[in-house]
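Please read it alongside the sequence and the model.

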Amino acid sequence: MATKKRSFPIRLIKLLFRLTVYFLLITLLWVGLYKFVPPPVTATMLMDDNGITKDWTAFGDISPNLTRAVIAAEDGKFCSHDGFDREAIKQAIERNRQGGRIRGGSTISQQTAKNVFLWQGGGYFRKGLEAYFTFLIEKIWGKKRIMEVYLNVAETGIGTYGAQAGAQRYFKKNASDLTKIEAARIAAALPLPKKRAVIGASGFTRRYGNTIAVRINVVKNEGLDSCIYK
């Protein structure tokens, strides 16, 4: 009996070790594959009752105006952080302690990791996986690929995903032809694409879009996109 009691913890440890190895191998292969292959679908898309409209577009066929607009709106330190903006995370924690609407400090890298490999929603387990996948894509993909994937999987409207689908839906043109104000309008709606209007925006969304349009030049002139456009 004593031998059996001692062997159970050993078997459990071995099982956990094998599961950990399998998890690491599978996730490394998964992330490595998506460095070259467009993610075919995401959990967010599959759970969207409004259907899926998307059209994968190579990074070179997306207007720099949109790239700079999302950096201005979502992650001004995109090119300088390692996937995590610790200052923004700290500020978000402090704001959330004060109550009111919960705010996050997620970078574009974190949002990409969540959108591609995970599901929407909170919880420490999901956030832990998000941090793990963020680390992997930063090391394996690099900044340009992260931005390319982000601009193709981000929800840009109801049942609409990616830059090309958004450009066609709102402006009847290709993502490569977006003007600064058009790109800014899309970027302004990104946090709440089901609630914020891109066409005919008013109030905060319109003002925010105008601010982003101005910041596009700042991103370019200050080299905040230097990791993408050499």
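In this predicted model, Arg126 and Glu130 form a salt bridge, with their closest N and O atoms 2.2 Å apart. The two residues lie 4 residues apart in helix H6 (residues 124–140), so about one helical turn separates them. Arg126 has a relative accessibility of 6% and therefore counts as buried; Glu130 is likewise buried, at 2%.

**Other salt bridges**
- The count of salt bridges comes to 11.
- Glu138 pairs with Lys143 in a salt bridge whose closest N and O atoms are 2.9 Å apart, and both residues are buried.
- Arg145 and Glu148 form a salt bridge at 2.7 Å, N to O; they are 3 residues apart in helix H7 (residues 143–153), about one turn of the helix, and both are buried.
- Asp48, Glu155 and Lys194 are joined in a network of salt bridges.

**Strand pairing**
- An open sheet of 3 strands runs in the order E1-E3-E2, with mixed pairing.
- Strands E1 (53–54) and E2 (155–157) are the edge strands, each pairing on one side only.
- E1 pairs with strand E3 (residues 160–161) in the parallel sense over 2 bridges, and Lys54 stands opposite Tyr161 in E3.

**Contact of helices H8 and H9**
- The axes of H8 (residues 163–171) and H9 (residues 180–189) come within 11 Å and cross at roughly 110°, which means that H8 is roughly perpendicular to H9.
- Gly166, Ala167 and Phe171 of H8 meet Glu182, Arg185 and Ile186 of H9 in this contact.
- By class, the contact has 3 nonpolar, 1 polar and 2 charged residues.

Technical notes: Residues numbered from 1 in each chain as written. Predicted model: local features only at pLDDT ≥ 70, side-chain atom pairs only at ≥ 80, totals over all residues. Heavy atoms only, no water. Axes fitted to C-alpha atoms, helices over the stretch in contact; angles between N-to-C directions. Parallel < 35°, antiparallel > 145°, perpendicular 65-115°, else oblique. Contact = heavy atoms within 4.5 Å. Nonpolar A, V, L, I, M, F, W, Y, C, P; charged D, E, K, R; others polar. Pairing = 2+ DSSP bridges. Salt bridge = Lys/Arg side-chain N within 4 Å of Asp/Glu carboxyl O. Buried < 20%, exposed > 50% of the residue type's maximum accessible area, 1.4 Å probe, protein only.
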